[in-house]
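Please read it alongside the sequence and the model.

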Amino acid sequence: MRHLKTAVGLVLTAVMLFPVYWMINVSFTRDQDMRKSPPNWFPVNGTLDGYRAVLEEQLPYLGTSLVVGLGTVALTLLLAAPAAYSLAKLRPRGGGALSFVLLIAQMIPGIIMAMGFYAIFLTTGVLNTVPGLIVADSTLAVPFAVLILTTFMSGIPEELLQAARTDGAGVVRTFVSIVLPVSRNSLITVSLFAFLWAWSDFIFASTLDQGGDHQPITLGIYHYIGNNNQEWNAIMATAVIASIPATILLVIAQRYVAAGVTAGAVKD
């Protein structure tokens, strides 16, 4: 029975990963072999022309996406961590209502938010700018981050915070020196999701940064498909390269996401 489950799991995994494999295969396939029937299941007589074209044309888009992703992570943590600490431990008046509002905010369709941001950014002069895109992407990550961090910080033992207050630490010092280090894994989790949302965003990018000088990789792929709709190896090579940063982050952060750090933190 165990072997049967393993075999079924392997088959399902292969089916789910096949599009990724085919994307990589096509990225190395020559143009003249693209419509071959039956297709080559392996990149026979492969070429690197697609990757050369990507490195020549798509690097600025990748750089912009990296800046937007890191900026979104920084802004998300800057807003979400103090808010979560306040809701979890300081318990301000109206905190329950605020948590409910944050939950509802995640249900608003992105296109509606994009239209609202378009009117605001057009008035304030930040349309088609990287900072404007960072602010817009953060609106998706902040509510999620506050809810996740609030849940985690609620589990931090009160004895640990009381010990810090006994040693003379104020609210800010307790937050910086105790709560943030203990919440490391949850901070890494929300940072990962914030970066991935910003990296893969297309709705905000296409609405708020369509005419900007610095555009993210999602728009780069979109324009590249429109301008080179016959060069599928270059298109797939772009997709492969765009997937590398997200894959690396997922592999690195995987062990932090589910780990707990509060065990043994309480003073005896």
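1. Asn128 is found in the loop between α5 (110-124) and α6 (130-154); helices are DSSP runs of H or I with at least four residues, numbered from the N terminus. Asn128 has a positive phi of about 65 degrees although it is not a glycine. Its relative accessible area is 29%, so Asn128 is partly exposed (buried means under 20%, exposed over 50%, partly exposed in between, with a 1.4 Å probe and protein chains only).

2. On the basis of these entries, residues are numbered from 1 along each chain as its sequence is written, and side-chain values use heavy atoms, with hydrogens and water left out. The model is predicted: local features need pLDDT of at least 70, side-chain atom pairs count only at pLDDT 80 or more, and totals for chains, interfaces and linings use all residues.

3. The whole structure holds 14 aromatic pairs (rings of Phe, Tyr and Trp, the last by its six-membered ring, with centres within 6.5 Å; planes under 30 degrees apart are stacked, over 60 edge-to-face, the rest tilted). Trp22 and Trp41 form an edge-to-face pair, 5.4 Å centre to centre with 65 degrees between the planes. Trp22 lies in helix α1 and Trp41 in the loop between α1 and α2 (49-57), 19 residues apart.

4. Phe117 and Phe204 are also edge-to-face, at 5.9 Å and 85 degrees. Phe117 lies in helix α5 and Phe204 in helix α10 (residues 203-208), so the pair ties together parts 87 residues apart in sequence. Phe117 is buried at 13%, and Phe204 is buried at 1%.

Terms used. Helices (H or I, at least four residues) and strands (E, at least two) are DSSP runs, numbered from the N terminus.
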